[in-house]
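This report walks through packing, aromatic pairs and model confidence. Please keep the sequence and the 3D view at hand.

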Amino acid sequence: MPAKHIGAICRRCNILEATLTVRSDPLCRDCFVKYVHTKVIKRMEAFRTRHSTADQTRVLLLPVSFGVSSITLLHILDGHLKAQNERTGRKGFALHVLFVEEELSTREELEKKVGFLKERYGRHEFSSIHLSQIFKSGGNSDEISQTRMEALFSTIKSATSLTDVAIILRTRLIVQFAQDSNCEGILWGDSTTKLAEKVLSETAKGRGFTLPWQVADGMSPYGIPFYYPMRDVLKKEIIAHLDLVSPPLSPLLANGILAPTIAPPSAKNTTIDILMRQYFESVEESYPSIVSNVVRTTSKLQAPLDANISLCKLCKLPVNDDKLGIHGWGGDQAILTDADEDRLGLCYGCSRAVGREGAALLP
Amino acid sequence: MAPTPCELCSINRALILRPKNHQKLCKTCFISTFESEIHHTITTTSLFHPGERIAIGASGGKDSTVLASVLKTLNERHNYGLELILLSIDEGIKGYRDDSLETVKRNAQQYDMELKIVGYDELYGWTMDQVVEQVGKKGNCTYCGVFRRQALDRGAAMLGVQHVVTGHNADDMAETVLMNLLRGDLPRLSRSTSIMTSTPSAAAAAVPSQTKPSLTNIKRSKPLKYAYEKEIVLYALHKKLDYFSTECIYSPEAFRGSARTLIKNLEAVRPSAILDVVRSGEDMAKLVPGYEDTCAGKCAGSTGAGAVEEEEAGCGSAAGRSGGGEMSKMEQHLTRNERADEEELEIEIKLPIQVEFLKDPANDAIPLRKKGRKGVKSASTPQSSGKPVTKQTMGSCENCGYLSSQKVCKACVLLEGLNKNRPKVAVETSTDGEIVSMQQAREELPGAVAQMSVDQS
């Protein structure tokens with residue numbers, strides 16, 4: 001997002017020289033930082049100080065992945081809370097920051113990164129939890145949970161399905177954590193670009209029916225509200241913003257996160273999520289409004305009000321009973337079908353991700 | 001190493017890796033599986049009824065050739081009792097259509113089917129080559145698509161056929177789902193995945209009746225909507241079908257090209273992805289606001305009653321080269337909207353409710369495409385419920401009577417633009433030495449359409 005208008009004056013303040021071009025406007029550094037902040041804070045209007053009571057603080061969970069968006073969201077909200085406090089002596093809400101560890105091998109790096117974050121944003125509560133904790137129902141020990149997770153993952157053959165299942169389990173774990181720690185809602189860091197990616201990749205995975213819940217602000221089917229304060233900011237804007245604040249945010253990120261997405265040469269190691277990320281990184285370059293239009297359009301879809309709703313055993317989203325499994329629709333043209341898979345209680349998309357063997361191992 | 005036996009018959013050697021699910025099959029089993037899957041689609045959706053006359057939209061390409069071959073096979077094998085007719089559109093693209101039409105003519109002989117060829121020149125007074133000469137290579141697909149849509153219906157009406165089948169395959173369907181998401185086009189998203197699209201009057205006349213087909217009640221269906229493009233190619237190859245494999249020389253729109261590349265990449269990563277996108281599309285159609293109204297509780301299963309007008313067909317044969325013109329145009333448009341929104345320059349002005357209503361279906365003659373008939377309005381009934389204009393309501397075009405949500409259908413709008421720019425003073429010599437002006441020649445064009453409606457009555 002370098003400035004196309006070299007030497008131009010910032011369109012907002014009309015004083016300073018523009019340093020970059022944002023949606024075809026030349027902007028100076030200060031105005032751009034303000035632009036990003038305003039877009040995020042505008043989304044947090046429900047959490048202004050006037051809506052908070054002195055005795056009870058509203059706690060919101062902020063899961064941090066050390067990607068550009070979640071770190072930026074933490075930075076912006078931290079500044080916002082500080083300003084609120086200075087101005088009114090009160091805070092509209094409190095943040096609870098959560099990290100989900102996925103692989104033990106990264107623990108050292110993670111601890112270092114968490115250390116950096118605590119140093120800079122130490123006012124907030126911090127927790128970390130391992131993905132295998134989702135298997136910890138009924139008092140399983142850490143070892144058993146870990147073994148069960150590994151057993152499930154070993155039944156999944158493709159890279160796409162593996163990522164898919166890991167993301168779903170992570171979401172479920174975060175929801176569970178938020179509910180257990182009395183958080184009023186979850187703040188997701190997804191940018192416009194990320195939401196558009198999600199729309200197309202869920203479509204590609206056969207989960208078109210879940211789209212109304214994938215991008216909507218407000219009560220989620222999990223029984224806790226989801227908020228996407230970064231929904232109006234493009235990923236490239238967030239990246240440009242990283243080093244315009246001081247001190248810069250990029251040292252806080254996970255290693256290698258800023259490299260452009262390149263799909264592995266072999267289709268076997270590529271995932272649908274990587275393909276979509278790559279696709280939208282390129283669309284975003286020349287056609288940013290098309291990216292936001294995808295999200296805007298998707299949010300117009302209405303969640304179904306069907307009867308006979310069950311929850312899919314993996315993604316835990318509501319699905320009509322006769323829509324479970326991959327059989328029994330027009331595209332399933334087999335004359336004799338093994339309908340067993342339909343009795344697994346999985347939605348169409350999740351049936352593609354885990355087989356019968358995996359379904360038995362789900363948390 | 002011992003040869004791998006076929007997973008179905010376990011006798012023959014497996015020669016084909018099914019693109020759809022990576023099943024290893026022998027040639028015979030592949031062909032019979034492919035056919036029985038199409039049969040399954042046809043029977044589970046009750047696509048046809050005995051005695052129905054069906055026009056197959058035939059381009060000479062792989063999809064329509066396979067469709068014609070499979071329908072002929074299944075019609076004989078399962079006694080569908082269908083009368084199959086090939087219907088070809090001659091867009092007038094030199095070096096592309098000439099050869100493919102020759103293929104269709106051979107197909108007609110091979111399959112022993114009646115063939116009807118309808119030319120853009122006789123329908124609209126313009127060949128695609130002439131259109132491209134005028135509008136350039138960018139955006140000409142819009143013309144071609146809009147013209148073709150009507151041409152198939154007009155051809156069907158000429159043949160007295162009420163049902164046109166097209167060769168759209170699963171890849172096309174998936175592409176359209178992604179494209180409509182990228183374009184933010186919910187109305188199209190809600191109807192593009194239906195196996196059958198029909199106009200409200202056609203839905204009412206779904207019971208076989210002797211009413212003469214009119215332009216506004218022709219059904220469209222896609223029996224190959226779940227068939228993978230790669231399997232269609234394999235089927236054509238192993239059945240040694242005679243098809244024409246040159247792609248259209250004019251490039252497709254950027255959105256479709258972009259969606260097409262994405263679909264191919266997805267398929268490489270997960271073979272079921274094409275089918276999964278189609279499934280998502282079908283599920284999403286039900287989430288589009290107003291879906292229940294469109295369906296009116298009448299449509300069962302996967303048969304949607306969405307109107308066919310301006311449904312995006314694209315060019316089945318075009319490759320994924322993208323010009324980007326359409327995308328940048330939309331980007332500019334969206335950016336302007338966003339800016340207006342941000343600066344609050346826009347004030348919502350509510351227009352008085354004005355919705356064109358459907359013409360009396362009993363009046364099934366094709367009205368003449370004539371200039372100066374603008375005063376003659378199609379019979380419209382007063383609106384009963386004061387619904388806002390947000391939803392498409394189908395009426396018919398004031399000029400030609402074709403199904404349209406606007407006063408004038410898209411083809412007539414495009415034609416008006418084309419005709420406006422045609423040199424008015426051009427002079428040419430007719431065969432008998434008489435000097436005829438272009439103006440005069442244009443006056444005669446509607447005559448061609450008039451002739452059509454005479455022919456079919």
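Is A:Y227 buried or exposed? A:Y227 is buried, because its relative accessible area is 19% and the cut-off for buried is under 20%. This is a predicted model. It scores ipTM 0.93 and pTM 0.83.

**Aromatic pairs**

Over all chains, the structure holds 16 aromatic pairs. Two of them are set out here.

| Pair | Geometry | Centre to centre | Angle between planes |
|---|---|---|---|
| A:F47 and A:Y227 | edge-to-face | 5.2 Å | 90° |
| A:W329 and B:Y226 | edge-to-face | 5.5 Å | 80° |

The pair of A:F47 and A:Y227 links distant parts of the chain, 180 residues apart. A:F47 sits in the loop between α1 (29-42) and β3 (59-64) of chain A. A:Y227 belongs to strand β8 (residues 225-227) of chain A. A:F47 is buried, with a relative accessible area of 1%. Ring pairs also bring in A:F93, so that A:F47, A:F93 and A:Y227 form a cluster.

The pair of A:W329 and B:Y226 crosses between chains. A:W329 is in the loop between β10 (318-320) and α11 (348-353) of chain A. B:Y226 is in the loop between β8 (219-221) and α10 (229-238) of chain B.

**Nonpolar cores**

In soluble globular proteins, nonpolar side chains tend to be buried together. Here the largest nonpolar core has 93 residues. Those with the most contacts inside this core are A:I186, A:L200, A:L314, A:L346 and B:L266. Why does the core lie between domain 2 (45-302) and domain 3 (304-363) of chain A? Both domains give residues to it.

B:L266 shows contacts to both chains. Beyond its neighbours within four places in sequence, B:L266 is in contact with A:A204, A:I272, A:L275 and A:M276, and also with B:L178, B:A273 and B:V277.

A second, separate core has 44 residues. A:C31, A:V36, A:M44 and A:L62 are among them.

B:S88 lies in strand β4 (residues 83-90) of chain B. B:S88 counts as buried, at 0% relative accessibility. What does B:S88 touch, not counting residues up to four places away in sequence? The list is B:A58, B:L101, B:V104, B:L115, B:K116, B:I117 and B:V118.

B:L415 lies in helix α15 (residues 410-421) of chain B. B:L415 is also buried, at 5% relative accessibility. Along the chain, B:L415 and B:Y143 are 272 residues apart. Their C-alpha atoms are separated by 8.8 Å.

**Confidence in chain B**

Chain B averages a pLDDT of 75. At least 70 is the score of 68% of its residues. Over residues 354-391 of chain B, pLDDT stays under 50. The model has 72 contacts beyond four places in sequence for that stretch. Residues 433-457 of chain B also have pLDDT below 50. That stretch has 40 contacts in the model beyond near neighbours in sequence. Where pLDDT is low, the predicted coordinates should not be read in detail.

Technical notes:
Residues are numbered from 1 along each chain as its sequence is written. Chains are lettered from A and ligands numbered from 1 in the order in which they are written. Side-chain values use heavy atoms; hydrogens and water are left out. A nonpolar core is a set of buried Ala, Val, Leu, Ile, Met, Phe, Trp, Tyr and Cys residues joined through side-chain atoms within 4.5 Å. Buried means under 20% relative accessible area, exposed over 50%, partly exposed in between (1.4 Å probe, protein chains only). Domain bounds come from an automatic or database domain assignment. Contact means heavy atoms within 4.5 Å. Rings of Phe, Tyr and Trp (its six-membered ring) pair if their centres lie within 6.5 Å; planes under 30 degrees apart count as stacked, over 60 as edge-to-face and the rest as tilted. Helices (H or I, at least four residues) and strands (E, at least two) are DSSP runs, numbered from the N terminus. pLDDT is the predictor's confidence in each residue, from 0 to 100.
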